[in-house]
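Biologist: I'd like to go through this one by question and answer. Let's look at it first, then start with the terms.

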Amino acid sequence: YLEPLRATAQRYYRRQELSIDEIDSKGSNIAMFLDNLNITIQQDLKEFIQKYFGIEVKVKKEGGHLALTICNHDLKTETNIADLGVGYSQLLPFLIQLWDISSKVSREEAHLIHRMRYDDTGFQAQYLLIEQPELHLHPAYQARIVDVIVDLIGLHDSNRLGVILETHSPNIIYRISELIEKKILDHNKIQILIFEESENGNAKITKSSFDDEGDLINWPTGFFQV
């Protein structure tokens, strides 16, 4: 689970001896999490982030502290995350946690295949719940996180990895629609719940969906209009 407002980027993070194997709900322990990854897994994460966003995230040890830097190879720059826009501190917890969950599911699947076990009875599906992933992100990045989700979920053979988004972003909705239209995403794998305030002040929940051409069905008129 990730909260809508993730932790503000710090110039230095206090280094801890404790092993960190998951990211907290605010993403405040990213530096420690990355510092605990072995070289092979670090390389896998590096290639994953570069593929979608063209940047490299580095952790540098400075005395008893850690520093997070963002390296842009196109611009040939490397900058402390504290000196960049707040978008990076909001984006990285989502990217890294989703990648981590997908990696764990992949290892479990490999374990089942290695043991010649094709019955996944007892396998616990993994879900990431994130509120408003679009906050402080450029519209192009908002669309790109949909690509990340679709690609990672597509790596798995069955319903073993899911993502629940709470969003107000038309860019995210439009990108999902576009991927369905291009036949990259199956419209049956998307469920939309719309929460609105009813006349008595309680939440009213209605279901919407996409058809096989990516058009929205039962979508409230003027939902994205000012």
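Modeller: The expected span of a helix is 1.5 Å times one less than its number of residues, and helices (H or I, at least four residues) and strands (E, at least two) are DSSP runs numbered from the N terminus. This is a predicted model, where local features need pLDDT of at least 70 and side-chain atom pairs count only at pLDDT 80 or more, while totals for chains, interfaces and linings use all residues. Residues are numbered from 1 along each chain as its sequence is written, and side-chain values use heavy atoms, leaving out hydrogens and water.

Biologist: Then how far does H5 reach from its first C-alpha to its last?

Modeller: H5 has 12 residues, and at 1.5 Å a residue you'd expect 16 Å. The model lands close to that, with first and last C-alpha separated by 16 Å.

Biologist: What covers the buried residues of H5?

Modeller: Buried means under 20% relative accessible area, exposed means over 50%, and partly exposed is in between (1.4 Å probe, protein chains only). By that cut-off, Ile172, Ile173, Arg175, Ile176, Ser177, Leu179 and Ile180 are buried in H5. Taking contact as heavy atoms within 4.5 Å, the cover on these residues includes H4, S6, S8 and S9.

Biologist: How many salt bridges does a search of the whole structure find?

Modeller: The test is a side-chain nitrogen of Lys or Arg within 4 Å of a carboxyl oxygen of Asp or Glu. Run over the whole structure, the search gives a salt bridge count of 12.

Biologist: Which residue forms a salt bridge with Asp147 at 2.8 Å?

Modeller: The partner of Asp147 is Arg175, with the closest N and O atoms 2.8 Å apart. This pair links distant parts of the chain, 28 residues apart, with Asp147 in helix H4 (residues 139-154) and its partner in helix H5 (residues 170-181). Both ends are buried, Asp147 as well as Arg175.

Biologist: How many residues apart in sequence are the parts tied together by Glu78 and Lys58?

Modeller: The side chains of Glu78 and Lys58 meet in a salt bridge, 3.6 Å from N to O. Because Glu78 is in strand S4 (residues 77-80) and Lys58 in strand S2, the pair ties together parts whose separation in residues is 20.

Biologist: And what separates the C-alpha atoms of Lys46 and Lys58?

Modeller: Lys46 belongs to helix H2. Lys46 and Lys58 are 12 residues apart along the chain, and their C-alpha atoms are separated by 8.7 Å.

Biologist: Is Ile194 buried or exposed?

Modeller: Ile194 lies in strand S7. Leaving out residues up to four places away in sequence, Ile194 touches Lys204, Ile205, Thr206, Ser208, Asn218, Trp219, Pro220 and Phe223. At 3% relative accessibility, Ile194 counts as buried.

Biologist: Last one: what is the phi of Gln132?

Modeller: Gln132 is placed in the loop between strand S5 (126-131) and H4, and at 19% relative accessibility Gln132 counts as buried. His136 lies in the loop between S5 and H4, with a positive phi near 65 degrees. Gln132 is a residue other than glycine with a positive phi, near 45 degrees.
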